[in-house]
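Reader: Please take me through the fold, with the cut-offs behind each term.

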Amino acid sequence: MLSAIASLLCVTLLGLQAGALPVDDFSVTSQKFLSGEVPAGFSINLDEERLVQFSEDETPVWMTEREKIRAKALGRKFFDITDTPTFMPAPASLAALKAYPKVNKQGLVKPVIANLTVDGMITNLQKFTSFRTRYYRSETGKQSQQWLVQRIGEITEQYASTDLADLITITEFTHPWGQNSVILRIKGASEEATAQNGTVLIGAHQDSANMIPFLPAPGADDDGSGSVTILEAYRGLLASNYTPVQDVEFHWYSAEEGGLLGSQAVASTYAQRGINIHSMIQLDMTAWVKKGTREEIGIVTDYVDADLTQFIRTLVDAYCSIPSVDTQCGYACSDHASWSKVGYRSAFAIESTFENSDKNVHSTNDRLDISPEFDFNHMLEFSKLTVGYIVETAGWAK
Ligand code: BES
Ligand code: ZN
């Protein structure tokens, strides 16, 4: 009787967690997958002990990878801090408040924006979602990462002038789990300006995950959409022969779904090396426009820098054809939080309010052909925002 009440309570509570399966479905299905053998193509040790932090005011706890996967499927939110249990914060001087300028480079930004299209985003996302899963501990997750590196190389070759190509480097930030984070840098014309004002970062996460990691995860919206959105912004900038004054970096993080693992490794390394970062903006989920709702750009207001966030609102007003709307995740829901954690300024733009966002995430239905609500023209608005952010902050060396 008591256990019946307890499980009823459990179902009710868990039913409230966004993205969680009803507990019965999940416990039956997960039992099957998490108690048996790890299938071929995955390198996961389900018994490995991981250090997990559920919220800022809770002490981190050790649990097995199996328990961690269950916790996520049950809707719990966390950082996995096993590899970064302590971190060196970014030197305070580097994170010092810099007043954001008024948006004033319309003359430079608008011609770039005019040349952005959905064409590349469609073909890139079709390919990216064709990997069975981009799970960070899977073979196909490694293959999708290799494809991404190759695609960035092709775009660079096709669109960068010879002078510009000399300023571009594509680096794999290696992680112990197989799928690496990818870092694309356009070196700025002024080393002094980069040292003084910092590198400008734009990020997305390349990995996908089914709630049960061994099942397919096309990850079209989460976060294939953000990944190809920033790639299109890059293509557009190259096609306009853009040379920044300060360094600009595009980051495609691995293992966001494992608890912000890739971005924590990258951010803590940058902080440790004392690298000056101007600011970081994350794009995670840029495609969904819920039927019957107004098309908007969601501006996340928790776990972010308030001034940078205000600056993004002004960028949306200047460069996007839809308005912004404030929203909250309620937890450290994507890679921007890894940068905030070490003391850098970060912000997060998302497809809509949290409530109106795509509910197919972490399932086999996170597909680009699932519904007309998956909208490439909506993604294009985020490419415009990316171009505006980069040119306004990193400048344009003519
Ligand atoms: N893109 C999601 C976050 C999200 C989900 C935003 C739904 C808006 C609506 C992200 O990839 C994610 O899944 N984050 C994890 C937390 C992370 C720390 C492991 C999550 O929400 O469970
Ligand atoms: Zn996710």
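Reader: In which hand does α5 pass α9?

Author: This is a predicted model in which local features need pLDDT of at least 70, side-chain atom pairs count only at pLDDT 80 or more, and totals for chains, interfaces and linings use all residues. Residues are numbered from 1 along each chain as its sequence is written, chains are lettered from A and ligands numbered from 1 in the order in which they are written, and side-chain values use heavy atoms, without hydrogens and water. A crossing is left-handed if the near helix is turned anticlockwise from the far one by less than a right angle, and right-handed if clockwise. The crossing of α5 past α9 is right-handed.

Reader: Why are α5 and α9 called oblique to each other?

Author: Helices (H or I, at least four residues) and strands (E, at least two) are DSSP runs, numbered from the N terminus. Axes are lines fitted to C-alpha atoms, for helices over the stretch in contact, with angles from 0 to 180 degrees between N-to-C directions; those of α5 (residues 119–128) and α9 (residues 220–239) come within 9 Å and cross at roughly 140°. Angles under 35 degrees count as roughly parallel, over 145 as roughly antiparallel, 65 to 115 as roughly perpendicular and the rest as oblique. The two helices are therefore oblique.

Reader: Which residues of α5 make the contact with α9?

Author: Contact means heavy atoms within 4.5 Å. On the α9 side, the residues include Gly224, Val228 and Leu231. From α5 come Met121, Asn124, Leu125 and Phe128.

Reader: Which residue in β7 stands opposite isoleucine 183?

Author: Strands β5 (residues 181–186) and β7 (residues 248–253) pair in the antiparallel sense over 5 bridges. Opposite isoleucine 183 is histidine 251.

Reader: At what angle to β2 does helix α3 run?

Author: A 3-stranded open sheet has the order β2-β1-β3, with antiparallel pairing. Helix α3 (residues 65–73) lies across β1, β2 and β3, and its angle to β2 is about 100°.

Reader: How far apart are the C-alpha centres of domain 1 and domain 2?

Author: The bounds, from an automatic or database domain assignment, are 2–80 for domain 1 and 106–394 for domain 2. The centres lie 28 Å apart.

Note on methods. Pairing = 2+ DSSP bridges.
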